[in-house]
Structure formats: structure tokens, C-alpha cells
Amino acid sequence: MSEIVRIDSGNIVQILGGASGLGLHVGAPFDDPIYLVDVHVAGTTHVDNIDVLVEGLSVGDRLSFQRDKDNPYDKLAIRVMNHNDVRIGFIPCDKNEILARLMDGGKLLYGEIMEKALIDRHWNKITMRVFLDD
């Protein structure tokens with residue numbers, strides 16, 4: 001080390017970034033959302049009026065998530081909600097463990113619709129990308 005920095009007073013932010021400090025930028029770890037995984041929305045066939053709800057969805061729309069810890073079938077369940085906070089389905093149980101643990105740890109996750117299709121005239125398949133906004 002070529003320089004010794006004398007600390008007389010101030011907090012760590014002042015020391016690292018202040019006018020007399022080291023001039024380091026201390027910011028958020030990531031400025032952009034972090035892409036995690038692609039998934040389809042599970043359980044759409046069990047949602048009342050799903051056809052009407054899907055009509056109101058477009059590619060690129062943002063979907064919010066809500067943990068459903070009291071779900072009797074899956075303690076790691078995550079509800080997928082449209083822009084009106086209406087449930088359109090769930091994150092599939094084979095993809096929800098890490099996502100649920102991140103949400104339980106206070107992290108903000110959301111989805112963006114990549115594709116929607118009606119399969120065999122009865123299943124509204126909605127595919128989305130899941131992001132972490134840290």
C-alpha cells in the first residue's frame with residue numbers, strides 16, 4: 001500500500017466516498033434486474049375466468065408474485081398475479097424452492113410474459129421470465 005489514510009471522524013460512507021475520502025463509489029450491487037429462470041404459469045386451468053384474464057395479458061407485461069405459505073398442497077407456493085392483483089396461477093412446484101426462499105428473505109421477484117398460447121383449446125399456457133430486482 002502506497003498511501004495510509006488517517007481516519008479522524010465520519011462514517012464509512014463518508015470515508016469511502018466523501019470529498020476527503022478514498023473516492024470510491026458505494027452503490028447498489030446491481031443496477032439492472034437479474035434474470036433467473038424461464039417458467040410457465042402453472043394451474044391456469046383451475047382459475048375462474050382464465051380466458052378473460054388471459055385476453056388482458058400481453059407479451060412484455062409484468063406479473064407480480066405473492067408467497068402462499070398456507071397453501072395446503074405446497075408450502076413453497078408462489079402465486080402469479082396480473083396487473084390488477086388477480087391470481088392467474090402459480091410458479092410450478094419444480095421451480096419454486098429457490099424463488100420462495102429468496103422471497104422469504106425479502107427479495108423482490110417478478111415475471112415478464114414471454115409468450116402466451118391456447119393449447120388444445122383448453123390450456124392457456126403463459127411463459128414468463130423471472131427476475132430478481134435487487
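Reply: Begin with charge. This is a predicted model. Side chains of opposite charge can pair when their charged atoms come close. Here R67, K69 and D104 are linked in a network of salt bridges.

Me: How many salt bridges are there by this rule?

Reply: The count comes to six.

Me: Which residue does K107 meet in a salt bridge?

Reply: K107 meets D134, with 3.0 Å from N to O. This pair links distant parts of the chain: K107 sits in the loop between α3 and β5, and D134 in the segment after β6, 27 residues away. K107 has a relative accessible area of 34%, which makes it partly exposed. D134 is partly exposed too, with a value of 34%.

Me: Which residue forms a salt bridge with D68?

Reply: R79 does, and the closest N and O atoms are 3.2 Å apart. R79 is in strand β3, D68 is in the loop between β2 and β3, and 11 residues separate them.

Me: Is D68 buried or exposed?

Reply: Buried means under 20% relative accessible area. D68 has 11%, so it is buried. R79 has 24% and is partly exposed.

Me: Now the sheet. How do I read its strand order?

Reply: Strands of a sheet pair through backbone hydrogen bonds, either parallel or antiparallel. In this model six strands form an open sheet, in the order β1-β6-β5-β2-β3-β4, with antiparallel pairing. The edge strands are β1 (34-40) and β4 (87-90), each of which pairs on one side only. From one strand to the next, the twist averages 35°.

Me: How many bridges join β5 to β6?

Reply: There are 11, and the two strands run antiparallel. One place to look is I119, whose bridge partner in β6 is W123.

Me: What joins β2 to β3?

Reply: Four bridges do, between strands that run antiparallel. S64 has M81 in β3 as its bridge partner.

Me: And how many bridges join β3 to β4?

Reply: Three, again with the strands running antiparallel. R79, the salt-bridge partner of D68, stands opposite F90 in β4. The hairpin of β3 and β4 has five residues between the strands, and D85 takes a positive phi near 60° there.

Me: Which strands does α3 lie across?

Reply: It lies across β1, β2, β3, β5 and β6. Against β2, α3 runs at about 80°.

Me: How should I read the core?

Reply: In soluble globular proteins, nonpolar side chains tend to be buried together. The largest nonpolar core here has 22 residues, of which F65, V80, I88, I91 and M128 touch the most other members. Elements giving two or more residues to this core are α2 (50-55), β2 (62-67), β3 (78-81), α3 (97-104), β5 (108-119) and β6. The largest share, four residues, comes from β6.

Me: What does F65 touch, not counting residues up to four places away in sequence?

Reply: Its contacts include I78, V80, I91, M103, L109, M128 and V130. R79, Y110 and G111 are also among them.

Me: One last residue. Where is N124 placed?

Reply: N124 is in strand β6, which spans residues 123-133.

Me: Is N124 buried or exposed?

Reply: The cut-off for buried is under 20% relative accessible area. N124 has 8%, so it is buried.

Me: Which side chain joins that of N124 in a polar contact?

Reply: The side chain of D51 does, at 2.8 Å. Leaving aside neighbours within four places in sequence, N124 is in contact with T44, I50, D51, V54, A117 and L118.

Technical notes
Residues numbered from 1 in each chain as written. Predicted model: local features only at pLDDT ≥ 70, side-chain atom pairs only at ≥ 80, totals over all residues. Heavy atoms only, no water. Buried < 20%, exposed > 50% of the residue type's maximum accessible area, 1.4 Å probe, protein only. Polar contact = N/O pair within 3.5 Å; in protein donor to acceptor, adjacent residues only side chain to side chain. Contact = heavy atoms within 4.5 Å. Core = buried A, V, L, I, M, F, W, Y, C linked by side-chain atoms within 4.5 Å. Salt bridge = Lys/Arg side-chain N within 4 Å of Asp/Glu carboxyl O. Pairing = 2+ DSSP bridges. Axes fitted to C-alpha atoms, helices over the stretch in contact; angles between N-to-C directions.
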